[in-house]
Amino acid sequence: EQHRIADDLTRLIETANAPIFGVSVGGHVNEWNRKAAELSGYSKDETMGRPLVEDFISDDYMEAVQAVLTNSCAGQEVANFEFPLITKFGTRINILLNATPRTDAKGQITGVVGVGQDITELRRA
């Protein structure tokens with residue numbers, strides 16, 4: 001039963017119509033769904049294991065994004081945080097993010113899972 005639930009959740013994350021990514025406590029990407037790949041131009045394989053802040057966040061937002069990740073790893077949920085994500089093509093897309101701690105079976109925090117929304121067009125209007 002647990003295996004089926006895990007498979008269902010994995011499928012849900014992968015096929016969601018929202019960018020979803022995971023980051024380890026050390027700040028490295030460990031989840032990158034199809035929508036995140038579509039919006040960023042980076043495939044899952046291109047992002048896995050790379051530092052999110054250093055490799056995908058613009059210089060002017062690195063400190064703020066790092067603070068969100070640090071707070072989430074300390075157990076705090078963060079809602080409606082807006083930041084630019086740098087695409088593979090060097091452009092910026094605006095993401096509105098909800099971040100929550102990711103835990104293992106024992107309840108220990110292992111990182112952060114973020115669910116976002118592309119609000120780039122809203123910002124241009």
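**Group meeting talk: a walk through one chain**

Let's start with one residue. Gly22 sits in strand 1. Remember that this is a predicted model. Is Gly22 buried or exposed? Gly22 is buried, because its relative accessible area is 0% and buried means under 20%. What does Gly22 touch, beyond residues up to four places away in sequence? The list is His28, Val29, Asn30, Glu31, Arg102, Val112 and Val113. One distance to keep in mind: the C-alpha atoms of Gly22 and Phe56 are separated by 13 Å. Along the chain, those two residues are 34 residues apart.

Now step back to the whole chain. The protein chain has 6 helices and 5 strands. In sequence order, the pattern reads α-β-β-α-α-α-α-β-β-β-α. The radius of gyration is 14 Å, close to the 14 Å that the globule rule gives for 125 residues, so the chain is as compact as a globular protein of that length. Along the principal axes, the C-alpha atoms fill a box of roughly 45 × 30 × 25 Å. Of the 125 residues, 39% count as buried. Take the contacts with a separation of 6 or more: 40% of them come from residues 24 or more positions apart.

Next, helix 5. This helix covers residues 62–73, which makes 12 residues.

On to the aromatic rings. How many aromatic pairs does a search of the whole structure find? The search finds 4. In one of them, the ring centres of Trp32 and Phe56 are 5.5 Å apart and the planes are at 40°, so the pair is tilted. This pair links distant parts of the chain, with Trp32 in strand 2 and Phe56 in helix 4, 24 residues apart. Trp32 counts as buried, at 2% relative accessibility. Phe56 is buried as well, at 1%. Phe81 and Phe83 form a stacked pair, 5.9 Å centre to centre, with 25° between the planes. Phe81 is buried at 16%, and Phe83 is buried at 4%. There is also a cluster: ring pairs link Phe21, Trp32, Tyr42 and Phe56.

Last stop, a lysine. Lys35 belongs to helix 2, residues 34–40. Buried or exposed? Lys35 counts as buried, because its relative accessibility is 17% and the cut-off is under 20%. The side chains of Lys35 and Glu38 are joined by a polar contact of 3.1 Å. Leaving aside neighbours within four places in sequence, Lys35 is in contact with Ala16, Asn17, Ala18 and Pro19.

Methods
Residues are numbered from 1 along each chain as its sequence is written. This is a predicted model: local features need pLDDT of at least 70, side-chain atom pairs count only at pLDDT 80 or more; totals for chains, interfaces and linings use all residues. Side-chain values use heavy atoms; hydrogens and water are left out. Helices (H or I, at least four residues) and strands (E, at least two) are DSSP runs, numbered from the N terminus. The expected span of a helix is 1.5 Å times one less than its number of residues. Buried means under 20% relative accessible area, exposed over 50%, partly exposed in between (1.4 Å probe, protein chains only). A polar contact is a pair of N or O atoms within 3.5 Å; within protein, one must be able to donate a hydrogen and the other to accept it, and residues adjacent in sequence count only if both atoms are side-chain atoms. Contact means heavy atoms within 4.5 Å. Rings of Phe, Tyr and Trp (its six-membered ring) pair if their centres lie within 6.5 Å; planes under 30 degrees apart count as stacked, over 60 as edge-to-face and the rest as tilted. The radius of gyration is taken over C-alpha atoms; the globule rule is 2.2 Å times the number of residues to the power 0.38.
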